[in-house]
Amino acid sequence: YAAGNIYYLYCAIVEFVPAFPTLPEAAYFAMALFFARGMSQFGSPSRTTTWVPLYNFVLTYCAIAVSCLFLLHQAIEDSVLTPFGSIVAVMYPSLWLSVVAFGIISLSLYNYGNRLFPYVLLLGAIGAEAIADFVYAYRLMNGTYTLGGITQILWVASAGLIGWAALEGLFRRSMSGDT
């Protein structure tokens with residue numbers, strides 16, 4: 001993830017816009033999957049791993065992916081990207097919106113206790129990421145994406161909220177005496 005961000009920072013500095021998708025994109029997809037896994041474990045009362053959260057996430061992803069296909073139908077039809085690029089572009093918001101939905105479902109199922117605030121911060125971060133990725137996908141497909149703007153603001157906000165959530169989690173853990 002960090003390497004992908006460094007690569008895109010370099011591209012911004014030298015004003016180079018790489019063809020979409022690039023290899024660093026894979027890191028952002030992996031990040032979403034790790035977040036989904038973490039969201040399911042963060043509030044779970046049991047530390048045992050079952051397949052149920054995976055099945056629930058897959059069902060959530062399928063529903064969100066179909067919704068994104070409907071919402072982005074015209075952009076997909078008129079896409080300036082390759083067919084593969086369009087598929088990858090649609091997968092971005094589908095995956096991140098699925099992580100948000102999965103997190104909200106998890107929030108309704110588990111008691112987070114003193115971890116509620118950090119969890120809500122993480123949901124806010126993931127929500128910002130999902131919105132940015134939806135706009136990003138739309139603009140990529142219609143050929144109007146440029147560096148900067150609302151997508152960059154939301155991605156930076158997402159990173160800031162993740163950092164804040166991590167610090168809050170550490171603080172709350174140290175205050176409760178957990179190790």
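Predicted model: local features only at pLDDT ≥ 70, side-chain atom pairs only at ≥ 80, totals over all residues.
**Exercise 1. Find which residues form a nonpolar patch on the surface, and state their accessible area together.**

Solution. The patch is formed by Leu9, Tyr10, Ile13, Val14 and Phe16, which together have about 530 Å² of accessible area. A patch is made of residues with over 30% relative accessible area and no salt bridge, where nonpolar side chains (Val, Leu, Ile, Met, Phe, Trp, Tyr) are joined within 5 Å and like charges within 9 Å. The areas come from the Shrake-Rupley method with a 1.4 Å probe, and for residues only the protein chains shown count as cover.

Residues are numbered from 1 along each chain as its sequence is written, and side-chain values use heavy atoms, with hydrogens and water left out.

**Exercise 2. Determine how helices H6 and H7 pack.**

Solution. Begin with the geometry: H6 (residues 116-142) and H7 (residues 149-176) pack at an angle of about 165 degrees, with their axes 8 Å apart. Axes are lines fitted to C-alpha atoms, for helices over the stretch in contact, and angles run from 0 to 180 degrees between N-to-C directions. The two helices are therefore roughly antiparallel to each other, a term for angles over 145 degrees. Finally, sort the residues of their contact, which divide into 17 nonpolar, four polar and five charged; Ala, Val, Leu, Ile, Met, Phe, Trp, Tyr, Cys and Pro count as nonpolar, Asp, Glu, Lys and Arg as charged, and the others, Gly among them, as polar.

**Exercise 3. Locate the salt bridge that a search of the whole structure finds.**

Solution. The search finds one salt bridge, defined as a side-chain nitrogen of Lys or Arg within 4 Å of a carboxyl oxygen of Asp or Glu. Glu168 forms this bridge with Arg172, the closest N and O atoms being 2.9 Å apart. Both residues lie in helix H7, four residues apart, which is about one turn of the helix.

**Exercise 4. Describe the backbone at Glu15 and at the bond from Phe20 to Pro21.**

Solution. Glu15, in the loop between H1 and H2, has a positive phi of about 55 degrees although it is not a glycine. Pro21 lies in the loop between H1 and H2, and the peptide bond from Phe20 to Pro21 is cis, with omega near -5 degrees.

How values were computed. Parallel < 35°, antiparallel > 145°, perpendicular 65-115°, else oblique.
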